Amino acid sequence: MKATKRKPGRPLGSSEPEPRRDELVLAAYRRIAESGFEGLRTRDVAADAGVNIATLHYYFPTKEALIRGVVGLAMGRFRSTFAQGGTPGDQLAAHFRGVRRLNRAEPELFAVMGELALRSARDASISAIFQETIDTWHAILRGLLRHAQREGNIRSELDPDTAASFVIATFSGVFMLPFAGGGRKRLEQTLSQLEAFLGV
């Protein structure tokens, strides 16, 4: 039987379960959440996962591949907020509720995404990975907004492409850069105003 070629940095959720790989990604994710990119040392990640550095390099030949794995984990959590079924308007409302829930239950997720956002400004490789993430999120939102508009679930005069960018910019400001959010009350006011603007 022909062996399947391993793909370094393959996102979580693919059809090939690799528990050890996933443990390394989770260890790196936690390191970034707790100590930022300055705390992301591959030897520490390997130790946290209970493996040696050679095993880490088997799964992740480069640090960029490991970061890509972390992004895959984070995006999987965000994808969980897009409920299946219901109208596009229902799905948008579920996304807003889901992001609020994640913010309360998994603050480390937003710490990781915030680190990515800040680091991408001065690191071209991380910028490319982060931009892929934003582009994917934008495409999903744009599609939902377009369908919701066609079904009369949101305001008819909105441009779905611009509205998707507006949602991402707002979420990024209040969630990924928490010092700009102004506290829980201000955050809720901001999101409620965004929902009112969209007509969700």
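## Helix packing and aromatic contacts

Helices H1 and H6 are roughly perpendicular to each other, because they pack at an angle of about 80° and angles of 65 to 115 degrees count as roughly perpendicular. The model described here is predicted. The chain holds 9 helices and 0 strands, and its pattern along the sequence is α-α-α-α-α-α-α-α-α.

**The chain as a whole**

- The chain has 200 residues, of which 44% count as buried.
- Among contacts in the chain with a separation of 6 or more, 64% come from residues 24 or more positions apart.

**H1 against H6**

- Helix H1 covers residues 19-35, and helix H6 covers residues 107-120.
- The axes of H1 and H6 lie 8 Å apart.
- H1 contributes Tyr29, Ile32 and Ala33 to the contact, while H6 contributes Glu108, Leu109, Ala111, Val112 and Glu115.

**H7 against H8**

- Helix H7 spans residues 124-150, and helix H8 spans residues 160-176.
- H7 and H8 pack with their axes 8 Å apart, at an angle of about 125°.
- That angle makes H7 oblique to H8, and the crossing of H7 and H8 is right-handed.
- On the H7 side, the contact is made by Phe130, Ile134, Trp137, His138, Leu141, Arg142, Leu145, Arg146 and Gln149.
- On the H8 side, the contact is made by Pro160, Asp161, Ala163, Ala164, Ser165, Val167, Ile168, Phe171 and Met176.

**H5 against H7**

- Helix H5 (residues 88-105) crosses H7 at roughly 140°, and the axes come within 8 Å.
- The crossing of H5 and H7 is left-handed.
- From H5, the residues in the contact are Pro88, Gly89, Gln91, Leu92 and His95.
- These H5 residues meet Trp137, Leu141, Leu144, Leu145, His147 and Ala148 of H7.
- Trp137, Leu141 and Leu145 of H7 take part in the contact with H5 and also in the contact with H8.

**Aromatic pairs**

- The structure contains 6 aromatic pairs.
- One of them is formed by Phe78 and Phe110, whose ring centres are 5.7 Å apart and whose planes stand at 90°, an edge-to-face arrangement.
- Phe78 belongs to helix H4 (residues 63-79) and Phe110 to helix H6, so this pair ties together parts that are 32 residues apart in sequence.
- Both Phe78 and Phe110 are buried.
- Trp137 and Phe171 form a tilted pair, with ring centres 6.0 Å apart and planes at 40°.
- Trp137 lies in H7 and Phe171 in H8, so this pair links parts that are 34 residues apart in sequence.
- Trp137 is buried, with a relative accessible area of 6%.
- Phe171 is buried as well, with a relative accessibility of 2%.

**Aromatic cluster and a charge over a ring**

- Phe78, Phe96, Phe110, Trp137 and Phe171 form one aromatic cluster.
- Arg155 lies over the face of the Phe197 ring, at 4.9 Å from the ring centre.

Technical notes
Residues are numbered from 1 along each chain as its sequence is written. This is a predicted model: local features need pLDDT of at least 70, side-chain atom pairs count only at pLDDT 80 or more; totals for chains, interfaces and linings use all residues. Side-chain values use heavy atoms; hydrogens and water are left out. Rings of Phe, Tyr and Trp (its six-membered ring) pair if their centres lie within 6.5 Å; planes under 30 degrees apart count as stacked, over 60 as edge-to-face and the rest as tilted. Helices (H or I, at least four residues) and strands (E, at least two) are DSSP runs, numbered from the N terminus. Buried means under 20% relative accessible area, exposed over 50%, partly exposed in between (1.4 Å probe, protein chains only). A charge sits over a ring if NZ of Lys or CZ of Arg is within 6 Å of the ring centre and within 35 degrees of the ring normal. Axes are lines fitted to C-alpha atoms, for helices over the stretch in contact, and angles run from 0 to 180 degrees between N-to-C directions. Angles under 35 degrees count as roughly parallel, over 145 as roughly antiparallel, 65 to 115 as roughly perpendicular and the rest as oblique. A crossing is left-handed if the near helix is turned anticlockwise from the far one by less than a right angle, and right-handed if clockwise. Contact means heavy atoms within 4.5 Å.
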